[in-house]
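Subject: Structure handover

Hello,

Here is the structure I said I would pass on. My notes on it follow below the model.

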Amino acid sequence: MSTQVNTVLFDLDGTLIDTNELIISSFLHTLGTYYPDRYKREDVLPFLGPTLTETFESINPEKVEEMIRIYREFNLGNHDLLVKEFDGVFETIRSLKEAGIKIGIVTTKVQMVVEKGLKLTKLDQFFDVVVALDHVQKPKPDPEPILKALELLGSKPEEAIMVGDNSHDILGGKNAGTKTAGVAWSAKGKEFLLQFNPDYMLENMADLLDVLEVDRK
């Protein structure tokens with residue numbers, strides 16, 4: 001495996017950093033503004049993964065931009081209070097970097113918010129390539145953002161693994177021709193991700209080091 005795979009692409013939210021509480025709270029705040037008491041926590045879980053435009057268009061096509069603005073104001077205002085990194089992420093990313101593995105981020109977040117999360121968790125020092133929502137025409141599961149990240153890293157799909165916590169990540173990786181890995185700490189649950197047949201299921205991010213035959217520090 002180590003001779004074949006030299007590149008790992010990561011989703012951000014729910015994979016590297018725990019933004020689940022922030023995202024759920026942001027949706028509940030936004031939807032509560034328009035539809036008081038209609039939405040509960042379990043109702044917004046399906047909204048983790050798709051773009052804000054896709055989600056709000058499915059709820060109220062006339063108010064999409066307005067709802068995105070309200071969501072982002074709350075999200076940015078509460079970002080540092082509610083975001084934290086997942087166990088084992090920092091050490092694993094550092095080990096991959098030191099081992100010469102090429103690493104990048106492919107996310108449906110906009111660049112500005114990506115940078116905020118990476119700086120807060122001190123992961124910004126490791127990633128040379130970030131492909132955010134504002135860099136592409138079509139988000140995951142379309143292969144465009146993954147192929148763009150691979151091009152920037154000088155890698156081929158068959159040399160790469162796409163790691164994520166949602167169906168968009170697994171399907172996006174398959175569409176782009178990479179290997180795929182799901183994370184068992186997904187807010188939607190391990191069983192949900194297994195439906196999409198990822199090549200690997202990581203119980204802890206450090207499991208990735210075993211997959212790539214990189215020494216654990």
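Glu213 is exposed, with a relative accessible area of 53% in this predicted model. Glu213 sits in the segment after α11. Its phi is near 55 degrees, which is a positive value in a residue other than glycine.

Asn197 is another residue to look at for its backbone. Asn197 is not a glycine, yet its phi is positive, at about 55 degrees. The loop between α10 (190–194) and β8 (200–202) holds Asn197. Asn197 is exposed, at 53% relative accessible area.

Two further backbone points concern the region around α8. The peptide bond joining Lys140 and Pro141 is cis, with omega of about 15 degrees. Pro141 belongs to the loop between β5 and α8. Just after α8, Gly154 has a positive phi of about 70 degrees.

Now the chain as a whole. The protein chain has eleven helices and eight strands. Its radius of gyration is 17 Å, close to the 17 Å that the globule rule gives for 217 residues, so the chain is as compact as a globular protein of that length. The C-alpha trace spans about 55 × 30 × 30 Å along its principal axes. Of the 217 residues, 53% count as buried. Among contacts with a separation of 6 or more, 64% are between residues 24 or more positions apart.

Next, the interior. In soluble globular proteins, nonpolar side chains tend to be buried together. The largest nonpolar core here has 35 residues, and the members that touch the most others are Phe10, Leu16, Ile93, Leu96, Leu123 and Phe127. At least two residues of this core come from each of β1 (7–10), α6 (89–98), β4 (102–106), α7 (111–120), β6 (160–164), β7 (179–183) and α11 (207–211). The most is given by α6, with four residues.

Phe10 shows how these parts meet. Leaving aside neighbours within four places in sequence, Phe10 is in contact with residues including Leu16, Ile93, Leu96, Ile105, Phe127, Met162, Met205 and Leu208. There is also a second, separate core of 17 residues, and Ile23, Leu31, Leu52 and Val64 are among its members.

Helix α1 contains Ser25. With a relative accessibility of 18%, Ser25 counts as buried. Residues up to four places away in sequence aside, Ser25 touches Phe74 and Leu82. Arg38 lies in the loop between α1 and α2 (41–44). Arg38 is exposed, with a relative accessible area of 53%. Arg38 and Leu28 are ten residues apart along the chain, and their C-alpha atoms are separated by 9.4 Å.

Helix α8 has buried residues Pro145, Ile146, Ala149, Leu150 and Leu153. Seen down the helix axis, they fall within an arc of 135 degrees, so they line one face of α8. The exposed residues Glu151 and Leu152 are on the face turned away from that buried side. The buried residues of α8 pack against β1, β4, β5 (129–131), β6 and α9 (167–176).

Ser155 is in the loop between α8 (144–153) and β6. Is Ser155 buried or exposed? Its relative accessible area is 11%, and the cut-off for buried is under 20%, so Ser155 is buried. Apart from residues up to four places away in sequence, Ser155 touches Asn6, Thr7, Lys102 and Leu150. With one of these, Lys102, there is a polar contact between the two side chains, at 2.9 Å. Leu150 is itself one of the buried residues of α8.

Regards

Note on methods. Residues numbered from 1 in each chain as written. Predicted model: local features only at pLDDT ≥ 70, side-chain atom pairs only at ≥ 80, totals over all residues. Heavy atoms only, no water. Core = buried A, V, L, I, M, F, W, Y, C linked by side-chain atoms within 4.5 Å. Buried < 20%, exposed > 50% of the residue type's maximum accessible area, 1.4 Å probe, protein only. Contact = heavy atoms within 4.5 Å. Rg over C-alpha atoms; globule rule 2.2 N^0.38 Å. Polar contact = N/O pair within 3.5 Å; in protein donor to acceptor, adjacent residues only side chain to side chain. Arc of directions from axis to C-beta.
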